[in-house]
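Work through the exercises below with the model open. Each task is followed by a stepwise solution.

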Amino acid sequence: MSKILIAYYSRKGQNYVNGSIKNLAKGNTEIVAEFIQKAVGGALFEIDTVKQYAEDYTRCTEEAKEELRAKARPELKEYIENIDAYDTIFLGYPCWWGTMPMACYTFLERYNTANKRIIPFCTHEGSGMGDSEKELKKTCPKADVLAGLPIRGADAAKSESAVAAWARKFV
């Protein structure tokens, strides 16, 4: 039985859902991360930045685009103390500008991910996984990066059975 970490970045508050902006009490990616934990166990870890993004969704997307252009590595509030305790990492994020939020790069680049299984999942409103799987393989070249699961953000809350079936394939 593998030791599982479910690390995720999620945005609550204003989000783009089915063509309009809605205020979410819990981010879509966090919902999916909790479904994975319920299905296969493991430790949940929220990737969270020191500097918060704008509450306004449009401004947040502009900040995210600027971080991507600058290849920024935003500072995180905390890190996993002992990544060696885990051999399987489910990594979740919203697909921003075709890839992971830059905070996920900050998280991954802090650790030696050699010989770890990284299983990505993302929430999106039409872009699927974008280039994030390719970027994960570049960022973690000695890890076994498996095919990810894209979940439409608008469907996150009702995706539990599909997410659970997918996650159980890896344990």
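**Exercise 1.** Classify the exposure of R73 and E109, then describe their link.

*Solution.* R73 has a relative accessible area of 35% and is partly exposed. E109, with 43%, is partly exposed. The scale runs from buried (under 20% relative accessible area) to exposed (over 50%), with partly exposed in between (1.4 Å probe, protein chains only). Next, the link: the two side chains form a salt bridge at 2.8 Å, N to O. The term requires a side-chain nitrogen of Lys or Arg within 4 Å of a carboxyl oxygen of Asp or Glu. R73 sits in the loop between α2 and β5 and E109 in helix α3, so the bridge ties together parts 36 residues apart in sequence.

This is a predicted model: local features need pLDDT of at least 70, side-chain atom pairs count only at pLDDT 80 or more, and totals for chains, interfaces and linings use all residues. Residues are numbered from 1 along each chain as its sequence is written, and side-chain values use heavy atoms, without hydrogens and water.

**Exercise 2.** Describe the salt bridge of R69 and E66.

*Solution.* The side chains meet at 4.0 Å, N to O. Both residues lie in helix α2, 3 residues apart, about one helical turn. R69 is exposed at 60% relative accessibility. E66 is partly exposed at 45%.

**Exercise 3.** Which residues of α3 meet which residues of α4?

*Solution.* Y105, L108 and E109 in α3 meet E135, L136 and T139 in α4, where contact means heavy atoms within 4.5 Å.

Technical notes: Helices (H or I, at least four residues) and strands (E, at least two) are DSSP runs, numbered from the N terminus.
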